[in-house]
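Subject: Structure for you to look over

Hello,

Here is the structure I said I would pass on. My notes follow it.

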Amino acid sequence: MDRFPAEFADLLTRKGRRILEGRDAATRDALLDPARFFVPIAGAIEPDRARAAHALLDRRMRTALSPLAAAIPEGSIWNQTRNYQERLPKTARSRTAFLERRTGKAWKTAEAIGLIAMMRSTSFRTFAETIAGRPLGTEFGQQVLCYGPGDYAGPHTDHHPEDARAAKGYIDFHVSFGSPAVAHQYLVYARDGHFSEMVDVNTPGGITVYRLPFWHYTTPLIARRGREAAARRWVVLGTFLFAGAAAQVFRGRQA
Ligand SMILES: [Fe+2]
């Protein structure tokens with residue numbers, strides 16, 4: 001595979017197409033449920049195409065990535081003056097390409113391999129809409145993430161109270177291309193105020209849909225022994241706002 005297909009639908013299995021067409025009762029409108037913030041979907045992407053996508057991203061996007069690192073703040077332990085005073089801001093380590101500047105190398109590469117077009121395709125957006133259960137408005141974020149050995153994201157909410165368009169919630173749509181060189185990586189998320197839920201995100205082609213904000217974290221990617229050099233999980237990520245009035249009536253509940 002030299003290019004991503006022009007339509008996201010062309011990566012999908014029969015199950016994936018059923019979901020896209022809103023014919024799968026388990027996923028259709030799933031995020032309309034006020035208690036649900038997260039929908040993981042396995043088996044929706046053709047494994048062969050997912051492996052080819054992983055290889056394509058490995059081949060072309062790696063050199064366009066920038067490191068993304070926010071460590072545990074220095075002094076977060078020894079500056080404490082009271083017991084149990086610790087506070088942890090969002091920590092993370094991975095590599096990323098924000099696809100925002102058309103003049104940037106990341107954009108140009110993503111465009112050359114058809115990734116921009118696929119992420120803007122009708123079926124990409126419709127898939128997210130089907131799970132969200134309501135019309136989605138302007139897309140305001142496109143990003144590629146690459147997790148290598150030891151890369152992770154600490155507990156965070158992805159709440160954006162300073163952005164009026166997103167302050168009441170929004171949808172993230174992640175397409176994940178894992179690798180057999182990875183032993184494991186999980187997404188842990190909160191339900192009823194506790195980090196009690198966990199899903200495997202290192203599948204050949206996995207889809208996760210988020211109604212943000214809510215508490216979640218990504219465990220460190222652990223490579224299979226001797227396969228560290230090839231152990232990478234790629235995430236193609238689209239962020240969508242709710243359309244028009246839907247954004248006004250939306251009420252997020254933070255778990
Ligand atoms: Fe997040």
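A polar contact here is a pair of N or O atoms within 3.5 Å; within protein, one must be able to donate a hydrogen and the other to accept it. The side chain of H216 makes one with the backbone oxygen of F214, at 2.8 Å. Please bear in mind that this is a predicted model.

The metal site

H216 is also a ligand: the iron ion is coordinated by its NE2, by NE2 of H156 and by OD of D158, at 2.1 to 2.2 Å. Along the chain these donors have the spacing H-x1-D-x57-H. D158 and H216 lie 58 residues apart and link distant parts of the chain. D158 is in the loop between strand 5 (152-156) and strand 6 (170-177), while H216 belongs to strand 11 (residues 216-218).

How do the two compare in exposure? H216 counts as buried, because its relative accessibility is 3% and the cut-off for buried is under 20%. D158, with a relative accessible area of 22%, is partly exposed.

Leaving aside neighbours within four places in sequence, H216 is in contact with residues including H156 and D158, as well as L187, V188, Y189, F195 and Y210.

Helix 3

The other region I looked at is helix 3, residues 105-112, where A106, W107, T109 and A110 are buried. Seen down the helix axis, the buried residues fall within an arc of 170 degrees, so they line one face of helix 3. An α-helix has 3.6 residues a turn, so residues three or four places apart point the same way. Just after helix 3, G114 has a positive phi of about 80 degrees.

Regards

Definitions and conventions: Residues numbered from 1 in each chain as written. Predicted model: local features only at pLDDT ≥ 70, side-chain atom pairs only at ≥ 80, totals over all residues. Heavy atoms only, no water. Donors = N, O, S within 2.8 Å, 3.2 Å for Na, K, Ca; no water. Helix = DSSP H or I, 4+ residues; strand = E, 2+ residues; numbered from the N terminus. Buried < 20%, exposed > 50% of the residue type's maximum accessible area, 1.4 Å probe, protein only. Arc of directions from axis to C-beta. Contact = heavy atoms within 4.5 Å.
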